[in-house]
Amino acid sequence: EWVGEGDLRSLLRGSGAPRPDGLCHWRMGRQHGVVLFELDRGTEPFAALTQKLFRYRAWFRTGTHRELVTGLPLRPRVAVVAPKARARRLVAVLRSVRSQAGVGVFVAPLDDAVRDPLGRRWWRRDDLGRLEGILDA
């Protein structure tokens, strides 16, 4: 199930939560989860993107993110798709910031994510040394 930016704007209005570009509730067999998507086109300052990731962390710590898809004990995941240079820069920043623990952040260059969105193309926040699929964790 996909929820786009417009619907999320309505759902999250007044909540203080960061507003993702999209939300995907996925189910494969007995596994399921939610991934919040950020599409970084490089049109706003890089600092705005990193600050948004910190806002996600604060929101996830409150537990209110679970209200988006009720009844599921969801582990927070955020997928950031960005132009290759910005994706690499974001990975470097995430490597240096250990305080993001508890937030599953995945980063992929835009071309790779479009070509194979479920493939082993994503850097994962807690193991940036290898690539994996966004649903593998």
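Which residue just after α2 takes a positive phi? That residue is Gly63, with a phi of about 85 degrees.

## About the model

This is a predicted model, in which local features need pLDDT of at least 70, side-chain atom pairs count only at pLDDT 80 or more, and totals for chains, interfaces and linings use all residues. Residues are numbered from 1 along each chain as its sequence is written, and side-chain values use heavy atoms, with hydrogens and water left out.

## The overall layout

The protein holds four helices and seven strands. Here helices (H or I, at least four residues) and strands (E, at least two) are DSSP runs, numbered from the N terminus. Read from the N terminus, the order is β-α-β-β-α-β-α-β-α-β-β.

The protein has 137 residues, and 46% of them count as buried. Buried means under 20% relative accessible area, exposed means over 50%, and partly exposed lies in between (1.4 Å probe, protein chains only). The accessible surface is about 7600 Å², with 51% of it belonging to carbon and sulfur atoms; such areas come from the Shrake-Rupley method with a 1.4 Å probe, and for residues only the protein chains shown count as cover. Among contacts (heavy atoms within 4.5 Å) between residues at least 6 apart in sequence, 53% join residues at least 24 apart.

Two strands pair if DSSP finds at least two bridges between them. Strand β1 (residues 2-4) runs antiparallel to strand β2 (residues 22-28), and three bridges join them; Gly4 stands opposite Gly22 in this pairing.

On to the next partner: β2 also pairs with strand β3 (residues 31-39), again in the antiparallel sense, over seven bridges. Met28 faces Gln31 of β3. The β2 and β3 hairpin has two residues between its strands, and Gly29 there takes a positive phi near 65 degrees.

Asp21 sits in the loop between α1 and β2 and is partly exposed, at 22% relative accessible area. Leaving out residues up to four places away in sequence, Asp21 touches Trp2, Gly4, Glu5, Leu8, Phe37, Glu38 and Leu39. A polar atom of the Asp21 side chain lies 2.7 Å from the backbone nitrogen of Leu39.

## Helix α2 and Thr50

Helix α2 has 17 residues and spans 25 Å from its first C-alpha to its last, close to the 24 Å expected at 1.5 Å a residue. That expected span is 1.5 Å times one less than the number of residues. The buried residues of α2 include Phe46, Leu49, Leu53, Tyr56 and Trp59, and their cover includes α1 (5-12), β3, β4 (77-82), α3 (84-96) and β5 (104-109).

Thr50 belongs to α2 (residues 46-62). Why does Thr50 count as buried? Thr50 counts as buried because its relative accessibility is 12%. The Thr50 side chain reaches the backbone oxygen of Ala47 at 2.9 Å, and Thr50 touches Leu90 and Val93, not counting residues up to four places away in sequence.

## The nonpolar cores

A nonpolar core is a set of buried Ala, Val, Leu, Ile, Met, Phe, Trp, Tyr and Cys residues joined through side-chain atoms within 4.5 Å. The largest one has 23 residues, and those with the most contacts inside it are Leu36, Leu53, Tyr56, Trp59, Val80, Leu90 and Val107. Two or more residues come from each of α1, β3, α2, β4, α3 and β5, with α2 giving the most, six residues. A second, separate core has eight residues, among them Ala79, Ala108, Ala113 and Trp122.

Conventions
Polar contact = N/O pair within 3.5 Å; in protein donor to acceptor, adjacent residues only side chain to side chain.
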